[in-house]
Amino acid sequence: MATKDPFEARRKALEEAYFRKKDAQLVDKLKAVFHRTVDRESIRQATGITDERVLDNLVELSLSGEMMAAFRLYPLIEVAWADGGVDEREGRAVLAAVEEHGIPHGSRPHVMLENALKNRPREDSRKAWYMYADELRRVLSPEELTTFRDDLLDHARRIATASGGLLSVAFQVSTNERKVLEAIKRALTHNLS
């Protein structure tokens with residue numbers, strides 16, 4: 001049985017601490033963007049939503065930092081539903097990504113994402129997320145936006161390949177899933193040509 005290298009363990013711990021700190025800084029900046037931009041009137045103007053209950057629910061997202069964490073992962077639900085339904089493996093992949101982002105099982109944001117996963121994405125939530133992404137492009141540096149986008153797309157691709165392709169022999173991304181992935185990429189890219 002091999003012994004663990006204490007220097008390697010220390011290097012890994014320092015590296016993980018560095019990335020946790022960078023992620024925390026990015027999350028703080030994302031929260032600031034979210035809280036500033038998502039209010040009832042800006043949602044109404046950007047999306048044309050007039051249902052007061054829906055507007056209240058979307059505004060509520062901005063009142064809680066914990067709900068922002070869930071909302072920033074909303075595109076994962078879109079990928080899971082891209083082909084019209086969510087199979088068990090896709091659902092597990094979404095919930096694993098949610099928990100990797102520090103949203104514990106049973107918490108309010110986790111329940112919100114579980115419900116979205118079970119009940120199909122809503123058009124008003126989709127519009128609100130793209131409005132949020134538009135604001136991120138304005139306020140995040142290219143490096144910060146790239147970090148956010150690449151992390152989200154990495155998880156989204158895992159979900160897209162979770163259910164497998166023809167006869168589940170080869171993991172393939174469907175045409176509809178590819179469209180959603182491309183839309184996420186465009187929404188989170190500066191000056192995409």
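Q: Is R126 buried, partly exposed or exposed?
A: Heads-up: this is a predicted model, where local features need pLDDT of at least 70, side-chain atom pairs count only at pLDDT 80 or more, and totals for chains, interfaces and linings use all residues. Residues are numbered from 1 along each chain as its sequence is written, and side-chain values use heavy atoms, leaving out hydrogens and water. With a 1.4 Å probe on protein chains only, buried means under 20% relative accessible area, exposed means over 50%, and partly exposed is in between. R126 comes out at 24%, so the label is partly exposed.

Q: Which residues does R126 touch, not counting those up to four places away in sequence?
A: Contact here means heavy atoms within 4.5 Å. The C-alpha atoms of R126 and P75 are separated by 8.0 Å, though the two sit 51 residues apart along the chain. With residues up to four places away left out, R126 touches Y74, E78 and P121.

Q: How is α5 oriented relative to α6, roughly parallel or roughly antiparallel?
A: Angles run from 0 to 180 degrees between N-to-C directions, with axes fitted to C-alpha atoms over the stretch in contact. Under 35 degrees counts as roughly parallel, over 145 as roughly antiparallel, 65 to 115 as roughly perpendicular, and the rest as oblique. Helix α5 (residues 74–81) and helix α6 (residues 88–100) pack at about 170 degrees, axes 10 Å apart. That makes α5, relative to α6, roughly antiparallel.

Q: Which residues of α5 and α6 make the contact?
A: The residues of this contact divide into five nonpolar, no polar and one charged. On the α6 side they are E90, V94 and A97, and on the α5 side L76, I77 and A80.

How values were computed
Helix = DSSP H or I, 4+ residues; strand = E, 2+ residues; numbered from the N terminus. Nonpolar A, V, L, I, M, F, W, Y, C, P; charged D, E, K, R; others polar.
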